[in-house]
Amino acid sequence: MSKRILVVDDEPNVRLNYRVALETEGLAVCEADCAKKALEQFAAHHFDLAILDMRMPEMDGLDLLEEMRKRSLNTPTVIITAYGDIPHAVRAMQLGAIDFLQKPLTPEALRTLVAEILTRHVPDGAVSPKKPVEDDFASQLSEAKRLLNLQVFEQAWTHLARALELNSQSPDALNLAGVYFEMQEDYDRAKKLYGKAIKYGPYYEPAQQNMRRIFELFHFGSSQEPMAFGDDA
C-alpha cells in the first residue's frame with residue numbers, strides 16, 4: 001500500500017508542485033488549503049507524513065501542529081516556510097516536527113527528505129523499535145535521532161549518551177547532543193556541544209549552522225538558520 005502524505009498549503013501552485021514531485025515516487029498525496037480542512041482530513045484518514053506551510057490564514061502551521069498534538073495526532077510532520085527565525089524552529093521541534101525547512105524547496109530535496117523520513121519513522125507513533133538496537137555507534141545515533149523526532153527525550157538521551165561513549169569525538173553525536181539540549185532551551189549547554197563538534201570536525205556544516213543560529217539569536221534576536229540534526233545521524 002502506498003504511503004499517504006498530506007500537504008497543507010494555501011497556495012494551489014505549491015500544493016500542485018509537491019503533489020507532482022511525490023506522486024512520481026509512488027506516494028499517495030492528499031491536499032488541504034487551510035488548517036480546518038487539514039484537521040478534517042486527519043479525522044477521516046491515516047497519514048504517514050504531513051507537510052505544513054508555516055504561513056496560512058487563520059491558523060498557521062505551528063498552531064496546526066500544536067492542535068494536532070492536542071488531538072493525539074502523532075503524524076510525522078515537516079514545517080516549510082519562507083521565514084526562518086529561531087523561535088519558530090525551536091517551537092516546531094518541541095512540538096515534534098521532523099524538520100523545519102525554508103522555501104524555495106526543490107522537488108529533488110522534497111523527495112529526498114520524504115524518503116528519509118518514511119524510512120526511519122516507526123509507523124503509528126511507536127516509540128520503541130521492533131527489535132533491539134544494535135550496540136554500535138551508527139545504530140545508537142540513528143535511534144537517538146528517531147526518538148528526538150518523537151520527543152521521547154529520556155530514551156533519546158540514553159541512546160545518545162551510549163553513542164558518545166562509543167565515540168566521544170564524533171561531530172555527528174556532539175551536534176545531535178547540542179540539538180537535544182537546544183530543544184529543551186538549554187542554550188548554554190547546546191552551544192558548548194556545538195563548539196565541541198566544530199573542534200573535532202572543523203568543516204562539519206550542521207554544527208556550524210547551529211552555532212551561527214544561536215549566535216544570531218542572542219546578538220540580533222532572530223536567525224535565518226534552521227536547526228540541523230546532522231547529515232549522518
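Guide: The crossing of α6 and α7 is left-handed. This is a predicted model. Helix α6 spans residues 137-149, and helix α7 spans residues 153-166. Their axes lie 8 Å apart, at an angle of about 155 degrees. Angles over 145 degrees count as roughly antiparallel, so α6 and α7 are roughly antiparallel to each other. From α6, the contact uses Phe137, Gln140, Leu141, Glu143, Ala144, Leu147 and Leu148. From α7, Phe153, Gln155, Ala156, His159, Leu160, Arg162, Ala163 and Leu166 take part. By class, that contact has ten nonpolar, three polar and two charged residues.

Now the charged pairs. Side chains of opposite charge can pair when their charged atoms come close. The model has 14 salt bridges. One of them joins Glu23 to Arg19, at 2.6 Å from N to O. Glu23 and Arg19 sit four residues apart in helix α1 (residues 12-23), so about one helical turn separates them. Glu23 is partly exposed, at 38% relative accessible area. Arg19 is also partly exposed, at 22%.

Arg19 forms a salt bridge with Glu31 too, with the closest N and O atoms 2.6 Å apart. This pair links distant parts of the chain: Arg19 is in helix α1, and Glu31 is in strand β2 (residues 28-32), twelve residues apart. Glu31 is partly exposed, with 26% relative accessibility. A network of salt bridges links Arg15, Arg19, Glu23 and Glu31.

Another salt bridge pairs Arg212 with Glu205, at 2.6 Å from N to O. Arg212 is partly exposed at 30% relative accessible area, and Glu205 is partly exposed at 36%.

Key. Residues numbered from 1 in each chain as written. Predicted model: local features only at pLDDT ≥ 70, side-chain atom pairs only at ≥ 80, totals over all residues. Heavy atoms only, no water. Axes fitted to C-alpha atoms, helices over the stretch in contact; angles between N-to-C directions. Helix = DSSP H or I, 4+ residues; strand = E, 2+ residues; numbered from the N terminus. Parallel < 35°, antiparallel > 145°, perpendicular 65-115°, else oblique. Left-handed = near helix turned anticlockwise from the far one by under 90°. Contact = heavy atoms within 4.5 Å. Nonpolar A, V, L, I, M, F, W, Y, C, P; charged D, E, K, R; others polar. Salt bridge = Lys/Arg side-chain N within 4 Å of Asp/Glu carboxyl O. Buried < 20%, exposed > 50% of the residue type's maximum accessible area, 1.4 Å probe, protein only.
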